[in-house]
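Q: Could you walk me through reading a few features of a protein model? I would like the general idea each time, and then the case at hand.

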Amino acid sequence: MPPRVLLLATERWLTTARMAMALHAAGCDVQLMALAGHPAMLTGTVSERFPYRPLNPIASVAAAIAQSKPDTVVPVDELAVMHLIELLRSDAGRGMEELATRSLGGVDVLSAGMSRMTLMELAKSEGVAVPETIPVASPGELEAAAAQLGFPLVMKADFTAGGRGVRIANNLAEARVWWSRLHRPLSLPRSVLRCVRLKEWTHFRPWFKRQMRGVTVQSYLRGAERTAMAVAHNGELQACVCFEVAQASKLCGPSTVLRVVDDPVMVAAIRVVLRRMGATGFCGFDFMLNDAGEPLLIEMNTRPTQLAHLPLGQGRDLVAAYVRSMLGHETPDRASAADGNLIALYPQELMRDPQSTLITGAYHDVPWESPALVRYALQPLPEAIFKDARWRGSEKVNSE
């Protein structure tokens with residue numbers, strides 16, 4: 001029997017579909033917990049979908065794990081990580097500790113990765129360079145932090161990623177506004193609006209439970225952005241790729257064009273953090289260069305990031321490394337899909353600028369092997385969600 005991997009998704013991200021395709025090609029039986037209409041169902045690589053119910057998410061995750069009986073589980077977005085943490089700390093998660101440890105290193109690893117302050121303290125204690133970071137739990141603490149760090153300030157909410165939950169404050173008045181918004185869940189009117197316009201139901205639960213988020217402030221760094229993706233097993237680094245951000249969708253937003261770089265300082269920092277945490281599975285790391293060109297760690301994601309599916313040659317094939325180390329299934333590293341170091345993300349760079357000159361000089365990461373996925377990515381949401389007939393009817397898909 002092929003090793004079974006269960007992907008946990010709360011968003012309809014294209015990257016999840018790409019991960020499903022890559023794991024399937026590596027010989028895995030891929031199953032998925034997701035909303036109906038997830039683009040991964042267009043690829044023919046998911047053997048079964050389990051429903052995700054945004055208003056009852058913990059039960060959804062528990063049911064998917066119980067029914068799938070996977071060898072490993074992979075949360076593919078921040079909300080899925082949060083749901084898994086909540087499940088593992090509840091009575092419903094009893095008996096799942098071994099799976100969580102085998103798949104991710106355990107609930108404490110997930111929690112540390114989601115808390116920016118915990119990560120900064122852990123990294124600093126191991127000698128990893130990080131920007132000065134201060135937690136702010138009240139307006140008074142915000143004023144004290146601003147006086148210490150000066151402006152502009154980078155303000156970040158826990159349990160967010162990809163530029164969401166990050167704001168730049170240029171003065172104290174702005175900082176107070178951003179702290180208030182980052183600290184609290186979305187208001188009821190905004191939650192309703194996102195539900196109606198984007199079919200996002202996930203904000204009702206935090207609003208109903210009055211879930212507050214931790215907020216940290218950091219010194220503003222004006223250097224280049226760098227990012228990395230990695231696979232670890234029992235705290236040991238198995239594969240890693242470092243990138244320089246050549247283009248982002250907006251200031252502090254997600255990357256749209258990346259350049260592969262060799263950065264031994266970043267790799268050493270990642271190795272130290274993974275070993276200290278005892279992390280397992282896919283991880284992502286964000287860095288900023290300071291004035292001296294030194295990379296400072298600013299964020300970690302305990303999930304696969306945007307290009308985790310893409311083979312980039314020996315030692316840079318995360319999916320192959322995952323299948324070998326995590327599932328004991330021998331598979332060689334694939335040849336690099338890119339013929340250069342510059343990679344344009346699809347459809348992100350195309351949507352940022354249809355006339356982008358960066359695309360012509362880069363490897364454009366288009367999933368040509370799935371024409372339905374190519375079309376899906378270019379359609380406006382949410383109209384695309386139920387347009388393809390294959391999303392209706394049976395959720396079982398012949399993976400052959």
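A: Gladly. Helices (H or I, at least four residues) and strands (E, at least two) are DSSP runs, numbered from the N terminus. This is a predicted model, where local features need pLDDT of at least 70, side-chain atom pairs count only at pLDDT 80 or more, and totals for chains, interfaces and linings use all residues. Residues are numbered from 1 along each chain as its sequence is written, and side-chain values use heavy atoms, with hydrogens and water left out.

Q: Which residues is A230 in contact with, leaving aside neighbours within four places in sequence?

A: Contact means heavy atoms within 4.5 Å. With those neighbours set aside, the contacts of A230 include L237, A239, C240, I270 and F282. As for C242, its C-alpha is 8.8 Å from that of A230, and the two are twelve residues apart in sequence.

Q: How do I read the pairing of strand 9 with strand 10?

A: Two strands pair if DSSP finds at least two bridges between them. Here strand 9 (residues 225-233) and strand 10 (residues 236-248) are antiparallel partners over eight bridges, and A228 sits opposite C242 of strand 10. The two strands form a hairpin with two residues between them, and N234 in the turn has a positive phi of about 55°.

Q: Which residue in strand 11 is the bridge partner of C242?

A: That partner is V261. Strand 10 pairs with strand 11 (residues 255-261) in the antiparallel sense, over six bridges. Their hairpin has six residues between the strands, and C252 there takes a positive phi near 65°.

Q: Now the helices: at what angle do helix 1 and helix 15 pack?

A: Axes are lines fitted to C-alpha atoms, for helices over the stretch in contact, and angles run from 0 to 180 degrees between N-to-C directions. Angles under 35 degrees count as roughly parallel, over 145 as roughly antiparallel, 65 to 115 as roughly perpendicular and the rest as oblique. Helix 1 (residues 14-25) and helix 15 (residues 371-378) pack at about 170°, with axes 11 Å apart, so these helices are roughly antiparallel. Their contact is made by L14, A17, R18 and M21 of helix 1 with L373, Y376 and A377 of helix 15.
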